[in-house]
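Dear colleague,

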Amino acid sequence: MFVISKLFWMLAQPLSLVFFGGLAALALFAIRRRKAGFVVLSLSLSILFLTLYTTLGTVLLQQLEARFPRPDADPHSVACMIVLGGAFETEVTTSRGGIELNQAADRFVEALRLAVANPQARILVSGGDGSLSGQYEGDAAASVRYFQAFGIERSRLIEEQTSRNTDENVGNSRVLLQQAGLSNCLLITSAFHMPRAMGLFRKQMLDVTPWPTDFRTSGKVRFTLDFTQPTLNAQQTATAVREWIGLASYRLMGRIDVLYPQP
């Protein structure tokens, strides 16, 4: 199922749909199915326009981010925190070493901040190699260097190094939490990812407190034309579409109990 989901996303992301739609339109024109070709081409160009030159992706993303709002204040005491992987450039760190973070870096910045403020807290980092090749170190492995570089003792870390997606994150973390006797942890992940993550933890009957970070929208964007930043618009749209597809597919497979989990 992991490989299928990876291959599906290669085809289903917006710019891939545009590309393959264009190929399909050319094929239809070649066999003189001009009407069908124009329909497919028009749909492809519409997707391209919405992806590059509107705020659609940002609007979809901020709806996800608004589902579990940022807490107003830090917790009084933190016994443990779960940090979902996806923030390290593992292809780079595998070949070069060091610490290379990507756009989701706030997951680990926030975890570090809370770890310093709560020296008694244990930190479970969940994330193996999520690539198809399986030849890179995962976030859990890279996070050891990260936390130790800032003085966090290795004994506080629990490394879950085998998961490849969010469903495996939760299932594998459940076992490690039980072994360590930990409960009522903070769940730290990107705000747009929190609804799906919370749905999975609830399905596994794990009580966690959502702690969203890595917000990528202002929360005030409305749908409109935007010709100023097509690259960012495309990135926002791809992130939002992937997450909404993830919610729908996890609901259909019974991995979460509701389509759109809420507080």
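Strand β2 has four of its five residues buried, so the strand is largely enclosed by the rest of the structure; buried here means under 20% relative accessible area, with a 1.4 Å probe and the protein chains only. Please bear in mind that this is a predicted model, in which local features need pLDDT of at least 70 and side-chain atom pairs count only at pLDDT 80 or more, while totals for chains, interfaces and linings use all residues. Residues are numbered from 1 along each chain as its sequence is written, and side-chain values use heavy atoms, with hydrogens and water left out.

β2 belongs to an open sheet of five strands, in the order β3-β2-β1-β4-β5 and with parallel pairing, where strands are DSSP runs (E, at least two residues) and helices likewise (H or I, at least four), numbered from the N terminus, and two strands pair if DSSP finds at least two bridges between them. The edges are held by β3 (157–160) and β5 (208–213), each with a single partner strand, so one side of each is left without a neighbour in the sheet. Neighbouring strands are turned by 20° against each other on average, direction ignored, the axes being lines fitted to C-alpha atoms (for helices over the stretch in contact) and angles running from 0 to 180 degrees between N-to-C directions.

Five bridges join β1 (residues 80–84) to β2 (residues 122–126) in the parallel sense, with M81 opposite I123 and L84 opposite S126. On the β3 side, β2 is joined by four bridges, again parallel, and S126 stands opposite E160 there. Helix α6 (residues 106–117) packs on the sheet and touches β1, β2, β4 (185–190) and β5, its direction making about 165° with that of β1; contact means heavy atoms within 4.5 Å.

As for the largest pocket, its volume is about 1,700 Å³, and of the 50 residues that line it, the closest to its centre are K6, G130, R164, R196 and R242. A pocket is an open set of points on a 1 Å grid over the protein atoms alone, where a 1.4 Å probe fits, with protein on both sides within 12 Å along at least five of seven lines, and lining residues have an atom within 4 Å of a point. Helix α10 gives the most to this lining, with nine residues.

Best regards

Technical notes. Grid points are joined across faces, edges and corners, and a volume is the space filled by probe spheres set on the points. Buried means under 20% relative accessible area, exposed over 50%, partly exposed in between (1.4 Å probe, protein chains only).
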